[in-house]
Amino acid sequence: MLTYLERAKLCNNPVAIKLLSLMDAKKTNLSVSVDVTRKEELLSLANSLGPSICVLKTHIDILEDFDNETVTMLQQIAKQHNFIIFEDRKFADIGNTASLQYEKGIYHIADWAQLTNAHSVAGADSIASLKKVGLQKNNAMLLVAEMSSQGNLAHGYYTAETVQMASQYSDFVIGFICQHKLTENPTFIHFTPGIKFSGGEDAQGQQYRTPHQAIVEAGIDIIIVGRGIYTATSIQHEAKKYQEAGWEAYLQKMSLL
Ligand code: 5BU
């Protein structure tokens with residue numbers, strides 16, 4: 001099994017190279033999902049979480065006071081703390097619409113989110129249209145191959161076809177949102193949401209696993225933690241705990257412990 005740094009050297013996409021390299025340098029495979037609705041809170045969380053994370057995941061359309069300064073400042077914070085911004089937009093429409101949603105509108109996602117994601121449900125041409133917008137801006141994309149929610153339909157044939165689709169666009173698609181390792185290709189990065197130390201579920205169908213279960217047992221690369229961190233009393237302390245647990249699990253998986 002290759003280390004994150006060894007895998008970085010095999011990648012072509014600049015976001016994949018940067019991400020795997022900074023994970024190694026910062027010793028973190030933690031992504032925090034900052035699902036807050038106020039700009040100030042988002043920026044303040046980004047700042048305090050910065051040292052612990054490799055990726056900051058946003059849902060920019062839940063902000064109630066979004067303005068262009070939000071993303072300018074977010075980019076500054078990302079540069080200062082060396083992390084990647086991942087807008088969890090989950091594009092799912094025909095190519096023409098998805099590429100307009102990516103590039104235009106209020107958010108201009110392609111201009112500030114180096115990493116975004118898409119469902120594969122609309123088919124390969126939709127990913128080709130997103131690639132046309134994103135690749136020239138040196139961005140990258142993840143495909144949603146599996147989900148963490150109870151009763152979701154992304155499994156079996158759908159997941160296998162999604163992996164196939166990613167291989168078709170591997171200069172732009174750098175990995176998956178998934179629940180298990182889906183391919184031995186070391187250039188694909190596996191991200192898993194639904195992570196909490198306590199495990200269990202929420203009241204709306206979300207299902208949680210621990211960092212150890214996701215990394216060691218399911219073989220994924222990056223854990224995504226939302227409420228497990230941003231609702232904690234001491235956010236920085238909690239982030240540090242998830243960072244350490246994630247890194248330890250990685251070392252264990254690599255038999256480096
Ligand atoms: P939580 O607070 O840790 O439950 O937040 C999880 C985040 O990951 C949240 O922003 C979701 O939109 C996102 N997510 C998810 O939970 N499960 C999925 O399968 C996908 C995304 Br895809």
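The shell around the ligand divides into five nonpolar, five polar and five charged residues. In this division Ala, Val, Leu, Ile, Met, Phe, Trp, Tyr, Cys and Pro count as nonpolar, Asp, Glu, Lys and Arg as charged, and the others, Gly among them, as polar. The model is predicted: local features need pLDDT of at least 70, side-chain atom pairs count only at pLDDT 80 or more, and totals for chains, interfaces and linings use all residues. Residues are numbered from 1 along each chain as its sequence is written, and side-chain values use heavy atoms, with hydrogens and water left out.

The ligand is surrounded by 15 residues, the closest being Asp35, Ser148, Gln206, Tyr208 and Arg227; a residue is near a molecule if one of its heavy atoms lies within 4 Å of it.

On its own the ligand has 500 Å² of accessible area, and the protein covers 90% of that; the areas come from the Shrake-Rupley method with a 1.4 Å probe. The ligand sits in the largest pocket. A pocket is an open set of points on a 1 Å grid over the protein atoms alone, where a 1.4 Å probe fits, with protein on both sides within 12 Å along at least five of seven lines. A molecule sits in a pocket if more than half of its atoms lie within 2 Å of its grid points.

Most residues other than glycine have a negative phi. His108 is in the loop between helix 5 (95-103) and helix 6 (109-112), while Asn138 lies in the loop between helix 7 (124-134) and strand 5 (140-144). Helices (H or I, at least four residues) and strands (E, at least two) are DSSP runs, numbered from the N terminus.

His108 has a relative accessible area of 33%, so it counts as partly exposed. Asn138 is partly exposed too, at 47%. Partly exposed lies between buried (under 20%) and exposed (over 50%), with a 1.4 Å probe and protein chains only.

His212 belongs to helix 9 (residues 211-217) and is partly exposed because its relative accessibility is 33%. His212 and Ile195 are 17 residues apart in sequence, with 9.7 Å between their C-alpha atoms.

Definitions and conventions:
On a 1 Å grid over the protein atoms alone, a cavity is a set of points where a 1.4 Å probe fits but cannot get out, and a pocket is an open set with protein on both sides within 12 Å along at least five of seven lines; lining residues have an atom within 4 Å of a point.
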